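Subject: Structure handover

Hello,

Here is the structure you asked about. My notes on it follow below.

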Amino acid sequence: ILIPALQTSDSESVDLEDDLEESACLTESKMNENKPGDSQNLACVFCRKNDDCPNKYGEKKTKEKWNLTVHYYCLLMSSGIWQRGKEEEGVYGFLIEDIRKEVNRASKLKCCVCKKNGASIGCVAPRCKRSYHFPCGLQRECIFQFTGNFASFCWNHRPVQIITSNNYRESLPCTICLEFIEPIPSYNILRSPCCKNAWFHRDCLQVQAINAGVFFFRCTICSNSDIFQKEMLRMGIHIPEKDASWELEENAYQELLQHHERCDVRRCRCKEGRDYNAPDSKWEIKRCQCCGSSGTHLACSSLRSWEQNWECLECRGIIYNSGEFQKAKKHVLPNSNNVGITDCLLEESSPKLPRQSPGSQSKDLLRQGSKFRRNVSTLLIELGFQIKKKTKRLYINKANIWTSALDAFRNRNFNPSYAIEVAYVIENDNFGSEHPGSKQEFLSLLMQHLENSSLFEGSLSKNLSLNSQALKENLYYEAGKMLAISLVHGGPSPGFFSKTLFNCLVYGPENTQPILDDVSDFDVAQIIIRINTATTVADLKSVINECYNYLELIGCLRLITTLSDKYMLVKDILVYHVIQRVQAPFESFKQGLKTLGVLEKIQAYPEAFCSILCHKPESLSAKILSDLFTVHTLPDVKALGFWNSYLQAVEDGKSTTTMEDILIFATGCSSIPPAGFKPTPSIECLPVDFPVGNKCNNCLAIPVTNTYKEFQENMDFTIRNTLKLEKEESSHYIGH
């Protein structure tokens, strides 16, 4: 329904106003009916403008069935409406009846800019009564935050960027359009939070954000996305949750799909020629891991498998001359009679992944171009090449997973590069009985214990805590070591690091700015909130006087002259509490994480590792589990049909078990490890009544039954009770 602006006074009755509104609605509806195909000229029901400018007002949406036209931003920022429907319902999830109510509410509010009714957006600052249309707010330089509760701030209360000192005397270029601007923060001029010499026009940033989307919008200087996006959202830049516009072009990167498929070594040994490529054989082409523009047959460079690293002549020369990699020892290749000695030395396969020297100032520019295209699974598999064939058996008590793991890893005969075998033992068992255990189940249980241990603090995203006893016992080092070993040996995604802890590990504590969410101490959080919400210098000084002893103790007392000093004070408190206070645990944890070269790999590929260290794995689905489990034995067609139907029933909530329960029952893991399962999970159809899970082999034996109902009941009963029994045994130990 298109509602025109109502110029009614406050003294008019509500009934009269409703009658006028209804009459206006009918008139406007008739106007729309007269122009059924002219949607471009239809006015937005909120701002009454017919402009179609997605960059300024968002997409213009018309619902002809309801004679309704809205700008996306006008709808999104309206103060009295909430998204109660699904995305496909109404307009972007806002129900039609809710939009009508909001238009009716706004028709009684006068815009403080254009003085017309229909002002649906209000300033969220306490005691501020300004209301305005979205275009009017843009005109008066209001700020609209497209995140959280979608707050709006008028021109008097809008957030600003604080700069303690301005050392820029000359104009600087906008790093997007390159036009020169005065480096003074204002509504139209913004500064990057991560690169102090990067300045932008607001309009340039908004256009870039719309084109890049949330996945590619980042600082144009340092490519930081997290800190940069948070600041831009705070300053009113809309970052849509979509892929970049250039990613949506059809066949935009078609030429990148053309792989190099030619053997370029000096002496090719393939009788079929250099262009011959036979997958899954010794004549498969392996491309240079650095440039990708040179190749070799596996046999021509004595590569045992496709997973081994290989660099071409040019790239190896660059890498070795850079001083960042130690030169590999020369090996004599098999069948050397058929290959020249020069070829052997220059075309040999790479050794295990070398570590970068931590103090090196030069960067491996050759790897920079390809590192963002590599996924974390490939990186962990490369680290796994360090694992030797020699095995080390760990004796683990599942009821006391932490202590037994700590004893095993601290054993002087333990070597992180040895393959791990697990044997489960029972505490106080006089017979010394043991039975084979699943390595991935053990690592999964260990990571669960680590996440909930006193070494970390926080709810979902965790930072290191300050535990003096743990520091004395060197447990932070052991925790980092366990994490590194778990990742390389096929353990699960930790997924509980905060972005602040991750950034400290990658970029260093000195380049990391904590946020309020990092503070788990309620009292400290309240102090920060009180300082941050102080509205006058007197209020700020009053809060500081009340917290004088605490601020003096942590060394954060500072002279307060203006209200803006509170931002530096809050920053000092956050840096102390989240970073400086736990400096000793952090350094110890960091040293442990260097085990098997894991920390160096994280620092080289931060975007890849952020996905498994800071985020939980994606939810399992019927398709994922169906694709995960392979059928090794001659299948029973009927049983396999029941299995697929059962997975779909579990996903639809028609079963008492979950997808995670099924995976735990079969493998001991609740999610798919980033490096994958070894061996690959498999399905067997056996003439048994109930399913059997073999976690050591990742094998699930499903029963062969006459009916699907019997199949589901047997599966549900066995999986539910098995996991319940294991959980009760663990709880029984903790209770004692």
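In these notes, buried means under 20% relative accessible area, exposed means over 50%, and partly exposed is in between, with a 1.4 Å probe and protein chains only. Helices (H or I, at least four residues) and strands (E, at least two) are DSSP runs, numbered from the N terminus.

This is a predicted model, in which local features need pLDDT of at least 70 and side-chain atom pairs count only at pLDDT 80 or more, while totals for chains, interfaces and linings use all residues. Residues are numbered from 1 along each chain as its sequence is written, and side-chain values use heavy atoms, with hydrogens and water left out.

Overall
The protein chain has 27 helices and 21 strands. Of its 736 residues, 46% are buried. Taking contacts (heavy atoms within 4.5 Å) with a separation of 6 or more, 60% are between residues 24 or more positions apart. The accessible surface (Shrake-Rupley method, 1.4 Å probe) is about 39100 Å², and carbon and sulfur atoms hold 50% of that.

Strand S21 covers residues 699-703, and five of its five residues are buried. Cys 699, Ala 701 and Pro 703 point one way from S21, while Leu 700 and Ile 702 point the other way. Two strands count as paired if DSSP finds at least two bridges between them. S21 pairs in the parallel sense with strand S19 (residues 682-686) over five bridges, and Ser 682 has Cys 699 as its bridge partner in S21. Strand S20 (residues 692-694) runs antiparallel to S21 and is joined to it by three bridges. Here Asn 694 stands opposite Cys 699. The hairpin of S20 and S21 has four residues between the strands, and Asn 698 takes a positive phi near 55° in it.

The annotated position
Which residue does the UniProt annotation "active site" cover? According to that unreviewed entry, it is Cys 696; such annotations may be inferred rather than shown by experiment. Cys 696 sits in the loop between S20 and S21. Its relative accessible area is 33%, so Cys 696 counts as partly exposed. Leaving out residues up to four places away in sequence, Cys 696 touches Pro 436, Gly 437, Ser 438 and Pro 679.

Glu 441 lies in helix H13 (residues 439-451). Glu 441 is buried because its relative accessibility is 5%. With the residues up to four places away in sequence not counted, Glu 441 touches Lys 398, Tyr 424, Thr 667, Gly 668, Cys 669 and Lys 695.

S13 pairs with strand S14 (residues 418-425) in the parallel sense over seven bridges, and Lys 392 has Ile 420 as its bridge partner in S14.

Nonpolar cores
A nonpolar core is a set of buried Ala, Val, Leu, Ile, Met, Phe, Trp, Tyr and Cys residues joined through side-chain atoms within 4.5 Å. The largest has 77 residues, and Phe 442, Leu 455, Phe 497, Ile 573, Phe 589 and Phe 609 have the most contacts inside it. Helix H15 (residues 475-488) gives the most to this core, with nine residues. Apart from it lies another core of 34 residues, including Cys 44, Tyr 73, Tyr 132 and Phe 134.

Regards
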